[in-house]
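Okay everyone, I've got one model to walk you through today. Have a look at it first, and then I'll talk through one part of it.

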Amino acid sequence: MNASLSPREDRGRGLALLGAVALVLGVIAFALEQLSVDVASWLGGSGWTLFIIVPGVVLLVASIVLDEDPAKATSIAGAVVTTVGLLLLYQDQTAHYESWAYAWTLIPAAVGLALVANGLRFHRADHVSVGVRLAAAFGVLFVAGIWYFETIFRTNEAPFDLAENWPVALIILGGVLLVLGLLRGMSRGADDTA
């Protein structure tokens, strides 16, 4: 919270911002209605997704003028809502609903990007670091999901056949994760002693 504003002034500022956003949206909607513009037709009948996308964008825009903690919460909420709306728009336009099998990973990736933006704005290296790791991890999961699930959707077969070798693959995966965990634990221990 801004130290120069009292809690009452801060709430008033937030309420004024919400009112300004509603006023602008109302004027735009009124103008479009008077001009007989059907926004839903621009989206090929997927206009209902605007009821999700627009509030998400409003939250993202609101996060630009808010103080650090409210901006962080608002940008994360805006990223989630906007991403869900855009995913629904894509799926409604393409009838590619099975993409939810991997597309959900874009939601936490968007949260990571919101944290990066918030961290850069408020000079918080910890937010940037967490956001980059979150976006990168779920970005990799998204790409892996596309590779794996789209192969299944198109060919009706898994992209690889482990057959009777799946225990060996599980042992290798477990070994790699164990080594990574031990190395990470050792590096943290070294950081704590320094």
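**What sits over helix α7**

So, the cover over the buried residues of α7 includes α4, α5 (100-103) and α6. By cover I mean contact, heavy atoms within 4.5 Å, and buried is under 20% relative accessible area with a 1.4 Å probe, protein chains only. Helices here are DSSP runs of H or I, at least four residues, numbered from the N terminus.

Quick housekeeping: this is a predicted model, where local features need pLDDT of at least 70 and side-chain atom pairs count only at pLDDT 80 or more, while totals for chains, interfaces and linings use all residues. Residues are numbered from 1 along each chain as its sequence is written, and side-chain values use heavy atoms, with hydrogens and water left out.

Which residues of α7 are buried? They're H127, G131, A135, F138, F142, G145 and E150.

Now α4 (residues 68-94) and α6 (residues 106-121) themselves. Their axes, lines fitted to C-alpha atoms over the stretch in contact, come within 8 Å and cross at roughly 150°, on a scale from 0 to 180 degrees between N-to-C directions. Among the residues meeting there are I76, V80 and V84 in α4, and I107, V111 and L115 in α6.

Zooming out, the protein chain has 8 helices and 0 strands, and 23% of its 194 residues count as buried.

Conventions. Helix = DSSP H or I, 4+ residues; strand = E, 2+ residues; numbered from the N terminus. Buried < 20%, exposed > 50% of the residue type's maximum accessible area, 1.4 Å probe, protein only.
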